[in-house]
Amino acid sequence: MKYFVQVNSRQLEVDVVERLGELKIAVNGKPLDLSYEEVDALGQVALLSDGKSYGVSIEGDMNKASVVIAGHLYAVEIEDERERAAHAAERAASKGGGVVKAVMPGIVFKLLVKEGEQVEAGQSLLILEAMKMQNEIAAPAAGRIKTLHVREKEAVAGGAKLVTIAPAG
């Protein structure tokens with residue numbers, strides 16, 4: 001699973017993969033030698049990285065946390081791929097119209113609209129199959145479908161144009 005993490009003002013892309021019960025972690029494409037053990041149910045963690053151990057204190061939830069490592073405080077915000085897609089759609093909605101892009105690679109499972117069709121904000125435009133799950137891609141704003149950039153059963157890369165919506169009005 002890919003996560004987009006902001007630590008203080010620094011943006012990081014974190015990949016977490018579980019293989020044979022072991023977590024493999026890469027930050028901005030660089031693999032990390034990292035293991036951890038929860039010390040208690042209060043957010044205390046023992047972290048081992050590159051032969052060094054650290055006491056870590058974590059307060060917050062899965063989206064926003066305060067992390068203290070060796071007396072240094074870090075503000076951490078986390079979005080997974082789906083949350084990032086939803087937030088991108090919300091940001092685009094405030095602009096009205098525009099291009100809807102794939103936030104992750106996948107296959108266009110089904111188109112739900114046609115060129116020239118009027119759509120409402122939040123209306124499903126297509127179903128994108130990614131990571132063995134079907135995700136409905138919604139219109140970020142009301143408008144008219146100007147261009148469909150994809151066909152059903154077409155494989156698309158992350159960031160690929162899917163649909164262009166002309167602003168309503």
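This is a predicted model: local features need pLDDT of at least 70, side-chain atom pairs count only at pLDDT 80 or more; totals for chains, interfaces and linings use all residues.

Reply: Residues are numbered from 1 along each chain as its sequence is written, and side-chain values use heavy atoms, with hydrogens and water left out.

Me: What makes Arg 151 exposed or buried?

Reply: Arg 151 has a relative accessible area of 58%, and because this lies over the limit of 50%, Arg 151 is called exposed.

Me: Why is the contact of Arg 151 with Glu 154 called a salt bridge?

Reply: The term asks for a side-chain nitrogen of Lys or Arg within 4 Å of a carboxyl oxygen of Asp or Glu. The closest N and O atoms of Arg 151 and Glu 154 are 4.0 Å apart, so the pair is counted as a salt bridge. In general, side chains of opposite charge can pair when their charged atoms come close.

Me: How many salt bridges are there by this rule?

Reply: The count comes to 4 salt bridges. One of them joins Glu 22 and Lys 24, with the closest N and O atoms 3.3 Å apart; here Glu 22 is partly exposed at 44% relative accessibility, and Lys 24 is partly exposed at 38%.

Me: Which parts of the chain does the salt bridge of Glu 13 and Lys 2 link?

Reply: The side chains of Glu 13 and Lys 2 meet at 3.0 Å, N to O, and the pair links distant parts of the chain, with Glu 13 in strand β2 (residues 10–19) and Lys 2 in strand β1 (residues 2–7), 11 residues apart. Strands here are DSSP runs of E with at least two residues, numbered from the N terminus. Glu 13 is partly exposed at 30%, and Lys 2 is partly exposed at 22%. Lys 2, Glu 13 and Asp 15 are linked in a network of salt bridges.

Me: How do you know that β1 and β9 pair?

Reply: Two strands pair if DSSP finds at least two bridges between them. β1 and β9 have 5 bridges, in the antiparallel sense, and therefore they count as paired. As an example, the bridge partner of Gln 6 in β9 is Glu 77.

Me: What is the order of the open sheet of 9 strands, and why are β4 and β5 said to stand at the edges?

Reply: The order is β4-β3-β2-β1-β9-β8-β7-β6-β5, with antiparallel pairing. β4 (30–32) and β5 each have a single partner strand, so one side of each is left without a neighbour in the sheet.

Me: Where are the edges of the open sheet of 4 strands?

Reply: This sheet has the order β14-β13-β11-β16, with antiparallel pairing. Its edges are β14 (133–138) and β16 (155–156), because each has a single partner strand. Strand β13 (residues 124–130) is joined to β14 by 6 bridges, running antiparallel, and in β14 the bridge partner of Ile 127 is Glu 136.

Notes
Buried means under 20% relative accessible area, exposed over 50%, partly exposed in between (1.4 Å probe, protein chains only).
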